[in-house]
Each structure stands twice: as structure tokens, then as C-alpha cells.
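Open the model in your viewer and keep the selection tool at hand. The stops below say what to select next and what is there.

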Amino acid sequence: ETLDSFLKKKFKELHICEDDCPAPVTKTFTCTSVHASGRLASCPAGTVVTGCACGYGCGSWDIQNGNTCHCQCSVMDWATARCCQLA
Amino acid sequence: ETLDSFLKKKFKELHICEDDCPAPVTKTFTCTSVHASGRLASCPAGTVVTGCACGYGCGSWDIQNGNTCHCQCSVMDWATARCCQLA
Amino acid sequence: ETLDSFLKKKFKELHICEDDCPAPVTKTFTCTSVHASGRLASCPAGTVVTGCACGYGCGSWDIQNGNTCHCQCSVMDWATARCCQLA
């Protein structure tokens, strides 16, 4: 056993990276749609609303409570939230 | 003090990870628009649909096959997909 | 040569990080809405438009200058840009 191979082995055995180095993360960007009847559609925890679609051809919406699409037109039958995340 | 604890301590003292480990990956988030005539507009491979716009003032759309904006109003002349990626 | 400098040199020579340490990614994806009167709403520097909402139920919009929602319907009272970033 050389000193080099000994140090390399030690490094692995001691899990030094697990203790001291940043955790491994290989994130990708993905989106899904959440469809609901009525005028509200909410994105699940851990996701973010990037846009909304509404029934009756309506393009007037706003985001409520940070994660909920609210379709504003007076008559409304459905709402869809586009929910994205890094995961 | 064992050799293990000594080596561990040394790794921490020497800030080896801070000096030698890969720098944080710096991905950026970008979006482009894909415009098409008709009621469908598709995002290219490697990008994700975050929202859609439609002709005739229409705000009713859904995502088909994961990457295609589908404008739902009965008469439709154009569709635009907003296509985003981490790169 | 001290023991410290020796260990540091060894660490580099052995390419331990390349073998065992992952690259860190520590960013999160967030979005906010920018609301404006008229037909234009712009995302601030460092953020990206992922979708737009418009007054009068209008779902026809496009992105101008890379960061501005432009609501196209003939009469328009407000525009909202959904602005997202990795930070």
C-alpha cells in the first residue's frame, strides 16, 4: 500500500465529503398542470405558479396566497394552474 | 487521538473542500416564446411550457403531450407557448 | 514542508474532489407578479416572464423586449407579468 492509496482510502472511509462538502444536487426544471372546477386552482407545496388558464376563454387572473390561480371573469367553470419546480 | 480523527480534523482545518471542490454550478433560467398559426404551439425538446397565449383574446388553454399549448376557444388563429429551461 | 502543506498537496495530487465530491447546487425557483395599469407590465432585471394576464378577460398577449407582457386586446385596463427567477 502506498501513501497515496492509503490517503485515498482514508478519505473514502471517513466520508469527509458527506460531512463537509455540499450535498449532491442535480436539479431539473419541470411543470405540471393542476385543473379544478370553479375559479380557483392551487399548486401543491414545493411548486410555484408560472401561469394560469381559465374557462369561458377568460385571460384575466391573479395569484392568491402565493400559490393559487384565481380566474376573475364573472362566470367561471374551471381554472388551471401551471405549477413548476426545481427537482 | 486516532489517525482517523486526526485526518478528519486536518481536512476541516485545511478547508480543502473550499479550496479544491467544484464551484457551485451556475445554471440560469431562461424562456422564449414559440408562436404558431392554428390552435397548437409546441415547446422544443429540453424546454418546458410555463404558460400559453391564444388569439381572439382567448385565455382557455391546456397542455397536450406535456409540451404543447392547445387553445380551446372555438375559433382560433394563433397560439403561443412560453418555453422555459434551466441551462 | 509542513504536514499541512503536505496533506493539501496530496489532496490536490490525488484529485479526491473529482472522484468523490459532488458539485453543489443551492438555488430555488421563485415567482412574483408585477401588475400595471395599461397594456404593458415588465419584469424586473434578473427575472424572466413565464406568463401574462390581462384585463377585460383577454388571453392574447406577447412578450416584448424579452421581459414585458403586452396585452393585445383593443381595449385594455391592466396587465400582469408573472416574473420568475432562480436565486
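This is a predicted model: local features need pLDDT of at least 70, side-chain atom pairs count only at pLDDT 80 or more; totals for chains, interfaces and linings use all residues.

Across the interface of chain B and chain A, zero salt bridges are found. Polar contacts are present, however: six residue pairs of chain B and chain A are in polar contact, counting pairs with both residues at pLDDT 80 or more.

H1(B) gives the largest share, six residues. Sorted by class, this side of chain B has 14 nonpolar, six polar and four charged residues.

Next, show the residues of both chains that take part. The contact takes 24 residues from chain B and 29 residues from chain A. How much area do chain B and chain A bury between them? The value is about 1,900 Å², with 67% of it on carbon and sulfur atoms. Select B:Lys8, B:Thr50 and B:Trp61: these residues supply 25% of the area that chain B buries against chain A, more than any other three residues.

**First helix pair**

Select helix H1 (residues 3-13) of chain A together with H1(B). Their axes come within 11 Å and cross at roughly 85 degrees. An angle from 65 to 115 degrees counts as roughly perpendicular, so H1(A) is roughly perpendicular to H1(B). Show the side chains where the helices touch. From H1(A), A:Phe6, A:Leu7, A:Lys10 and A:Phe11 meet B:Leu3, B:Asp4, B:Leu7 and B:Phe11 of H1(B). The residues of this contact divide into six nonpolar, no polar and two charged.

By class, the contact of H1(B) with H1(C) holds six nonpolar, no polar and two charged residues.

How do the axes of H1(A) and H1(C) cross, and within what distance do they come? They cross at roughly 85 degrees and come within 11 Å, which means that H1(A) is roughly perpendicular to H1(C). On the H1(A) side, pick A:Leu3, A:Asp4, A:Leu7 and A:Phe11; on the H1(C) side, pick C:Phe6, C:Leu7, C:Lys10 and C:Phe11. Together these residues make the contact, and by class they divide into six nonpolar, no polar and two charged.

Technical notes:
Residues are numbered from 1 along each chain as its sequence is written. Chains are lettered from A and ligands numbered from 1 in the order in which they are written. Side-chain values use heavy atoms; hydrogens and water are left out. Ala, Val, Leu, Ile, Met, Phe, Trp, Tyr, Cys and Pro count as nonpolar, Asp, Glu, Lys and Arg as charged, and the others, Gly among them, as polar. Contact means heavy atoms within 4.5 Å. Buried area is the accessible area (1.4 Å probe) that two parts lose on being put together, summed over both. A salt bridge is a side-chain nitrogen of Lys or Arg within 4 Å of a carboxyl oxygen of Asp or Glu. A polar contact is a pair of N or O atoms within 3.5 Å; within protein, one must be able to donate a hydrogen and the other to accept it, and residues adjacent in sequence count only if both atoms are side-chain atoms. Helices (H or I, at least four residues) and strands (E, at least two) are DSSP runs, numbered from the N terminus. Axes are lines fitted to C-alpha atoms, for helices over the stretch in contact, and angles run from 0 to 180 degrees between N-to-C directions. Angles under 35 degrees count as roughly parallel, over 145 as roughly antiparallel, 65 to 115 as roughly perpendicular and the rest as oblique.
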